[in-house]
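Student: I am new to this structure. Please take me through one part of it closely.

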Amino acid sequence: MKIYREKDYDAMSRRAAQIIAGEITHNPACALGLATGSTPEGAYKYLVDWYKQGLVSFRDVLSVNLDEYVGLAPDHDQSYRYFMQSNLFDHVDILPENTRVPDGLTKDPEAFCAEYDAYIRSLGYVNLQLLGIGRNGHIGFNEPGDHFVKETHVVDLTESTIDANARFFASRDDVPRQAISMGMGAIMGAKKVLLCASGEDKADAICRSVSGPITPECPGSILQLHKNVVLVADEAALSKLIAAGVEV
Ligand code: PGA
């Protein structure tokens, strides 16, 4: 695993954006697996800036997002489709028909999830999968459990995730209890994984994912089995890994 140790959130964001822009430059018609949340927001800002400066174009890029809350419409301001539109898609030249985010309102989740996986397979999997990580080690919404789930699936969010995401909603009761998430098959099928983390509250999850046992109790630990993972993290998120004596 290649680890970029960055000073702070801004430096992490810039580095992550450079890696994504590099992927697009290298392969303008690449498929990107995209993520939502506070972690990638800064990287998306850099990409929007660079697009406006003519340094990168999303004209031929395909995108597939990791997850979406069950029950939220695309225009709900906490839906992940809304997040992607407002943080990236509305500001760059990606074609709307080339962007995919799971449908939180699907009437037939089973068929939807199977179709989502079939689409990702039809791409030959994504060229680059961007990931944040939850404090509990989740990637996408693959929550800690007793086994890794391979397929895109409906997941019951853990209390810890509901707590972490309550800050975005009017009240904790408004946080959806379920999400549709890509499974580990699609994530591990990516040719390259770009894992990003910032802040001390991610230090434990990063330490366990990078140097702990590979276990579904820490979903991020599965990345130790992937051949091409780049971790971009700031000092705070790396602090426990550093304290554990891992060279970064
Ligand atoms: P965050 O979420 O980027 O908002 O911290 C990451 C995650 O929970 O996967």
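Student: Within what distance do the axes of α7 and α8 come, and at roughly what angle do they cross?

Tutor: A word on the source comes before the answer. This is a predicted model, in which local features need pLDDT of at least 70 and side-chain atom pairs count only at pLDDT 80 or more, while totals for chains, interfaces and linings use all residues. Residues are numbered from 1 along each chain as its sequence is written, and side-chain values use heavy atoms, with hydrogens and water left out.

Now the pair. The axes of α7 and α8 come within 7 Å, and they cross at roughly 50 degrees. Axes here are lines fitted to C-alpha atoms, for helices over the stretch in contact, and angles run from 0 to 180 degrees between N-to-C directions. Helices (H or I, at least four residues) and strands (E, at least two) are DSSP runs, numbered from the N terminus. Two packed helices are described by the angle between their axes and the distance between the axes. The two helices α7 and α8 are therefore oblique to each other. Under 35 degrees would count as roughly parallel, over 145 as roughly antiparallel, and 65 to 115 as roughly perpendicular; the rest is oblique. The crossing of α7 past α8 is right-handed.

Which residues meet? From α7 come Ala203, Asp204, Ile206, Cys207, Val210 and Ser211. From α8 come Ala236, Ala237, Leu238, Ser239, Lys240 and Leu241. Contact means heavy atoms within 4.5 Å. By class, this contact of α7 with α8 has 8 nonpolar, 2 polar and 2 charged residues. Ala, Val, Leu, Ile, Met, Phe, Trp, Tyr, Cys and Pro count as nonpolar, Asp, Glu, Lys and Arg as charged, and the others, Gly among them, as polar.

Look at α8 alone. This helix covers residues 235–243, and Ala237, Leu238 and Leu241 in it are buried. They span an arc of only 80 degrees around the axis, which puts them on the same side of α8. The arc is that of the directions from the helix axis to the C-beta atoms. Buried means under 20% relative accessible area, exposed means over 50%, and partly exposed lies in between (1.4 Å probe, protein chains only). An α-helix has 3.6 residues a turn, so residues three or four places apart point the same way. The buried residues of α8 pack against β1 (2–6), β9 (192–197), α7 (203–211) and β10 (229–234). After α8 comes Gly245, with a positive phi near 90 degrees.

Turn to α7. Its buried residues are Ala203, Ala205, Ile206, Cys207, Ser209 and Val210. They pack against β9, β10 and α8.

Arg5 sits in strand β1. At 40% relative accessibility, Arg5 counts as partly exposed. Leaving aside neighbours within four places in sequence, Arg5 is in contact with Ala233, Glu235, Leu238, Ile242 and Val248. Arg5 and Glu235 are 230 residues apart in sequence, yet 6.4 Å apart in space, C-alpha to C-alpha. Leu238, one of the contacts of Arg5, is also among the buried residues of α8.

For comparison, take another helix pair. Helix α1 (residues 9–26) and α2 pack at an angle of about 60 degrees, with their axes 8 Å apart. That makes α1 oblique to α2. The passage of α1 by α2 is a right-handed crossing. On the α1 side, the contact residues include Tyr9, Met12, Ala16 and Ile20. On the α2 side, they include Pro40, Tyr46, Leu47 and Trp50. The residues of this contact of α1 with α2 divide into 11 nonpolar, 5 polar and 3 charged.

Helix α2 (residues 38–52) also packs with α3, at an angle of about 35 degrees and with axes 10 Å apart. Here Glu41, Tyr44 and Val48 in α2 meet Phe83, Met84 and Asn87 in α3. By class, that contact of α2 with α3 has 4 nonpolar, 1 polar and 1 charged residues.

Notes: A crossing is left-handed if the near helix is turned anticlockwise from the far one by less than a right angle, and right-handed if clockwise.
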